[in-house]
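This report covers selected residues, salt bridges and a chain-to-chain interface. Please look over the sequence and the model first.

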Amino acid sequence: MTFPRDVKADFPLLRQRFHDTPIVYLDSANTSQKPQAVIDAMGCYYETTNANVHRGSYELAVRATDALEGARAKVAGFINAPSTSEVVFTKNATEGMNLLSRSWGGANLGPGDAVVISEMEHHANIVPWHMLAAEKGIELRWIPVDAAGHLDLTELDRLLDGAKLVSLTAMSNVLGTLNDIPHLAEAAHAAGALMAVDASQYVPHLATDVQAMGADFVIFTGHKMLGPMGIGVLWARAELLDAMPPFLGGGEMILQVTKEGFTTNEIPWKFEAGTPMVAEAVGLGAAIDYLNDLGMDNVRRHEVELTAYAMRTLTETHGDRITIHGPSEPAERGGVLSFVYGGDGDDCSGTVHPHDVAQVLDQAGVCVRAGHHCAKPLMGVLGANATTRASLYVYNDESDIDQLNAALTAADDLFSF
Amino acid sequence: MSGLEDLYREIILDHYRSPRNRGELETPPAVRADGFNPLCGDEIVVYIDVDDSGTINEVAIGGQGCSISQSSASMMSAAIKGKTVTDARRLITAFKGLMSIHETDIGGDGSEAEMGIDDQAPHISIDNTDDVSLGDLEALRGVVKFPVRIKCATLGWNTLAQALDEASVT
């Protein structure tokens with residue numbers, strides 16, 4: 001399709017067979033597979049460069065520090081951050097969200113202050129605010145989701161009135177909905193609020209420009225974008241980071257420590273207490289090189305084409321038996337297909353439970369996620385306790401969709417009563 | 001589709017299609033317990049009505065979930081109806097024993113012997129049942145080959161344990 005070479009061949013895990021059939025990995029919204037280049041970069045780091053960073057006086061330690069900071073520079077370039085010092089490495093996006101709520105929220109929010117989120121948020125952008133509500137009495141406001149899977153902005157002005165922060169996903173991990181972040185950031189700023197973006201599902205799939213987004217904070221994770229688990233990113237404007245108190249305390253994040261107290265390091269290290277995840281940063285850097293080589297515009301084009309193919313062929317084969325949630329136009333969504341199988345449209349009765357669908361698909365080597373996708377409030381809106389979710393990435397092709405399609409027919413055979 | 005027969009036995013699918021004792025009971029006199037599987041969002045509601053002699057006179061099952069959680073709860077309801085609280089607790093222990101084999105030995109080689117799916121497995125004995133035979137619950141034995149589904153099978157039983165605790169204090 002879009003790519004001039006066999007991308008799947010770059011991913012050693014995808015050469016495996018499960019249950020006597022080639023693996024079909026359709027769970028990339030959960031975590032992505034890793035290309036050989038990423039695996040090699042991390043192995044090479046440990047074979048040639050490993051030392052602790054920012055403190056060794058020998059050549060090896062300097063190289064390790066360069067590896068970490070070089071990766072940071074790659075991240076900054078990838079998201080068009082104005083400065084490398086604005087890129088804070090975290091453990092994952094969840095830790096980024098907690099850094100935001102604990103550090104910025106802790107210093108800037110008090111009783112009655114409103115944070116606006118939406119019904120399509122991942123728990124990572126819900127629970128930290130619930131925790132702050134319990135501790136400090138902040139008010140949590142919810143932008144609703146409409147039947148088509150879009151944010152319902154009819155009451156936006158009222159929701160934003162007096163709000164201190166708007167924190168929204170750029171792309172839903174359940175519906176694939178792409179939210180208009182520049183527009184929402186403009187509205188947030190007009191209301192005097194700051195704008196935070198959960199970009200965990202966005203950065204891996206679409207060219208990202210934090211400045212064009214108009215956001216104040218952008219948070220994402222490495223493992224969904226071909227990088228390793230254990231590294232995420234919080235980007236924020238430098239003046240915000242400078243004013244925020246530290247998150248975790250310890251080594252690396254200090255300038256001076258006395259028996260009386262401490263002073264904090266410069267950004268971004270102020271927020272990176274302890275020995276950082278250097279090999280993971282190197283792996284993330286290699287993932288960014290890999291994605292840049294494919295070209296993010298090509299990545300997006302590939303996913304729109306494959307999403308269109310999946311929506312068309314699944315609907316052709318299964319008709320009313322399948323209900324795919326989220327926007328109906330492939331160009332307006334990401335490659336995340338949450339669906340309910342069986343039943344007759346609105347009626348939940350007769351549907352094959354997602355856990356059972358996933359079990360039958362697994363037997364055909366097809367990996368999908370079944371459950372609430374860490375978005376229980378959204379499940380309530382959809383009127384489902386769970387959905388089955390197939391999510392696409394660069395290594396998927398039409399044959400993967402065809403196998404999903406055939407395996408769904410097998411599930412139907414087993415469970416249609 | 002090969003490999004799935006052990007999980008989706010016909011008797012399991014039958015209980016899934018036609019769940020026994022489905023519904024609600026008035027509380028009080030009945031007690032109610034709610035069980036959730038946070039992994040998949042499945043929920044089971046167990047109602048039991050225990051008389052003064054400690055016999056479970058009525059049982060009803062509500063909630064929704066996958067074929068394994070729903071059929072296991074259905075079989076459980078049929079197995080405990082008319083039994084004493086003591087017998088029901090004994091049954092819970094035996095059933096969870098059957099299901100915990102793999103949970104405690106997940107690093108095994110995956111063979112049936114390793115997982116204890118052989119004659120050493122604990123047997124569930126149910127005396128004088130009316131509409132349920134021993135075979136019904138035994139059908140769930142195959143679930144241990146699919147570790148992620150064990151929580152589905154035990155959801156109803158954990159919820160029953162809560163309900164029994166509730167009944168003993170009221």
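Arg237(A) is partly exposed, at a relative accessible area of 25%; partly exposed means between the limits for buried (under 20% relative accessible area) and exposed (over 50%), with a 1.4 Å probe and protein chains only. Its side chain meets that of Asp216(A) in a salt bridge, 2.8 Å from N to O. Arg237(A) sits in the loop between strand S10 (232-236) and helix H8 (238-243) of chain A, and Asp216(A) in the loop between helix H7 (210-213) and strand S9 (217-221) of chain A, so the pair ties together parts that are 21 residues apart in sequence. Asp216(A) is buried, with 2% relative accessibility. A salt bridge here is a side-chain nitrogen of Lys or Arg within 4 Å of a carboxyl oxygen of Asp or Glu. Helices (H or I, at least four residues) and strands (E, at least two) are DSSP runs, numbered from the N terminus.

The model is predicted: local features need pLDDT of at least 70, side-chain atom pairs count only at pLDDT 80 or more, and totals for chains, interfaces and linings use all residues. Residues are numbered from 1 along each chain as its sequence is written, chains are lettered from A and ligands numbered from 1 in the order in which they are written, and side-chain values use heavy atoms, leaving out hydrogens and water.

## Other salt bridges

Over all chains, the whole structure holds 25 salt bridges. Side chains of opposite charge can pair when their charged atoms come close. Glu69(A) and Arg72(A) form one such bridge, at 2.7 Å from N to O. Both lie in helix H2 (residues 59-78) of chain A, three residues apart, or about one turn of the helix. Both Glu69(A) and Arg72(A) are buried.

Glu316(A) pairs with Arg312(A) in a salt bridge, with 4.0 Å between the closest N and O atoms. They are four residues apart in helix H10 (residues 296-318) of chain A, about one helical turn. Glu316(A) is exposed at 59% relative accessible area, and Arg312(A) is partly exposed at 45%. Arg5(A), Asp10(A) and Asp293(A) are linked in a salt-bridge network.

## Two buried residues

Thr90(A) belongs to strand S4 (residues 87-90) of chain A. Its relative accessibility is 1%, so it counts as buried. The Thr90(A) side chain reaches the backbone oxygen of Asn92(A) at 2.9 Å. Leaving aside residues up to four places away in sequence, Thr90(A) touches several residues, among them Leu99(A), Ile231(A) and Met277(A). Contact means heavy atoms within 4.5 Å.

Val174(A) lies in the loop between strand S7 (163-169) and helix H6 (181-190) of chain A. At 0% relative accessibility, Val174(A) is buried. Beyond four places in sequence, its contacts include Val336(A), His373(A) and Leu382(A). The C-alpha atoms of Val174(A) and Ala390(A) are 9.6 Å apart, although 216 residues separate the two along the chain.

## The interface of chains A and B

The contact takes 22 residues from chain B and 17 residues from chain A. Together the chains bury about 1700 Å², 59% of it on carbon and sulfur atoms. Buried area is the accessible area (1.4 Å probe) that two parts lose on being put together, summed over both.

One salt bridge is found across this interface. Arg149(B) and Asp356(A) meet in a salt bridge through their side chains, at 2.9 Å from N to O. Helix H1 (10-17) and strand S2 (42-50) of chain B each supply at least two residues of the side that touches chain A. H1(B) gives the largest share of that side, three residues.

Conventions: Polar contact = N/O pair within 3.5 Å; in protein donor to acceptor, adjacent residues only side chain to side chain.
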